[in-house]
Structure formats: structure tokens, C-alpha cells
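Open the model in your viewer and keep the sequence panel beside it. The stops below say what to select and what is there.

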Amino acid sequence: MTKQAVLLYNCSGPQWTKLHQMMMMLRFRIRVIRPELYRLSLEQLAQGQGEPAVDSVPEAFPESMMVFCGVGQAQMEAILNAIRLSKLPPIPLKAMMTDTNREWDSLQLHEELMKEKSALEQPAAEEK
């Protein structure tokens, strides 16, 4: 069983302090994911397992990304609402770990989320 955790990518630094404090108050385990961890599966990351890459570290992707692991729908919605109310910087890529993606690494998840984001933005651009 996956422990409740929230994986954060590119969400560190002073502007994200409020997010980290909020997650700690809500008793969520936060895992800040650095590029040397990108090749580990989401499940390994959620469990705090696996070893960082030392030889071929992938380049960090520029977008902020948040992955909810073992978090229920109501909890996830509460967190997202709190983020909106706190006026934190936007996190353009968000996902929930599922049975389908639990073995994916961060690079694969990022690629899929970028495809989804592009597909959602395309109809809006065509309407203009």
C-alpha cells in the first residue's frame, strides 16, 4: 500500500515555503523530486525508495509538477483549493498516481501531462 505523499517538482525556494508549510499542517509527506530521481518509478518515489542516478542525470524540466500518491479525491481537492486560496504560483502539471502510471518514471509522466496540456490548449487556440 502506498503511503500518502505528494511529489513536488520545481516547487522549492522562497515562493513555495507556504505550500510546504500547508502540506505539513495537513500531515502530508512531501517529497521534493530532483532530476537525479527522475528515472525512479512514481511508486518508488512515493515510498522514498530507490537510489538517485549518478551517471546519466536527465535535464530538469522547466514546469512545476505535483503528483498525489495515495491521496483520496476529497483530500486532493482540499489541497488544490487551499493552493488557489493561498495565491501560490501556478502548478501547471498535476497528476494522481494510479495503477496505470505507478510504474512510470517522472520523465514518462511529464511527457504524458505535456501531451494532455497541449491537447487541451489546442481547441481553445482554434476557437480564436
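The tour goes from aromatic rings to a helix pair, then to salt bridges and backbone angles.

**Before you start**

This is a predicted model, in which local features need pLDDT of at least 70 and side-chain atom pairs count only at pLDDT 80 or more, while totals for chains, interfaces and linings use all residues. Residues are numbered from 1 along each chain as its sequence is written, and side-chain values use heavy atoms, with hydrogens and water left out. Helices (H or I, at least four residues) and strands (E, at least two) are DSSP runs numbered from the N terminus.

**Stop 1: the aromatic rings**

How many aromatic pairs does a search of the whole structure find? The search gives three. Rings of Phe, Tyr and Trp (its six-membered ring) pair if their centres lie within 6.5 Å; planes under 30 degrees apart count as stacked, over 60 as edge-to-face and the rest as tilted.

Select Y9 and F61. Their rings form a tilted pair, 5.6 Å centre to centre with 35 degrees between the planes. Y9 is in strand β1 (residues 5-9) and F61 is in the loop between α2 (42-47) and β3 (65-69), so this pair ties together parts that are 52 residues apart in sequence. Y9 is buried, at a relative accessible area of 0%, and F61 is buried at 7%. Buried means under 20% relative accessible area, exposed over 50%, and partly exposed in between (1.4 Å probe, protein chains only).

With Y38 shown, the ring pairs can be followed through a cluster of Y9, Y38 and F61.

**Stop 2: S106**

Select S106, which lies in helix α4 (residues 106-127). Is S106 buried or exposed? It is buried, with a relative accessible area of 0%. Apart from neighbours within four places in sequence, S106 is in contact with Y9, I33, Y38, L40, L42, L45, F61 and M65. Contact here means heavy atoms within 4.5 Å.

**Stop 3: helices α1 and α3**

Two packed helices are described by the angle between their axes and the distance between the axes. Select residues 17-25 (helix α1) and residues 73-85 (helix α3): they pack at an angle of about 145 degrees, with their axes 11 Å apart. Axes are lines fitted to C-alpha atoms, for helices over the stretch in contact, and angles run from 0 to 180 degrees between N-to-C directions.

The crossing of α1 and α3 is right-handed. A crossing is right-handed if the near helix is turned clockwise from the far one by less than a right angle, and left-handed if anticlockwise. Show the side chains of L19, M22 and M23 from α1 and of I79, A82 and I83 from α3, which make the contact. The residues of this contact divide into six nonpolar, no polar and no charged.

**Stop 4: the salt bridges**

A salt bridge is a side-chain nitrogen of Lys or Arg within 4 Å of a carboxyl oxygen of Asp or Glu. The count comes to five salt bridges.

Select R34 and E36, whose side chains form one at 2.6 Å, N to O. R34 is partly exposed at 40% relative accessible area, and E36 is partly exposed at 23%.

Next, select E43 and R102, which meet in a salt bridge of 3.2 Å, N to O. This pair links distant parts of the chain, E43 in helix α2 and R102 in the loop between β4 (93-96) and α4, 59 residues apart. E43 is partly exposed, at 23%, whereas R102 is buried, at 19%.

Then go to E112 and K115, with a salt bridge of 3.5 Å, N to O. Both residues lie in helix α4, three residues apart, about one turn of the helix. E112 is partly exposed at 27% and K115 is partly exposed at 47%.

**Stop 5: positive phi**

Select N10, in the loop between β1 and α1. N10 is not a glycine, yet has a positive phi of about 55 degrees. N10 is partly exposed, at 30% relative accessibility.

End at K87, in the loop between α3 and β4. Phi of K87 is near 55 degrees, a positive value in a residue other than glycine. K87 is exposed, with a relative accessible area of 74%.

Note on methods: Nonpolar A, V, L, I, M, F, W, Y, C, P; charged D, E, K, R; others polar.
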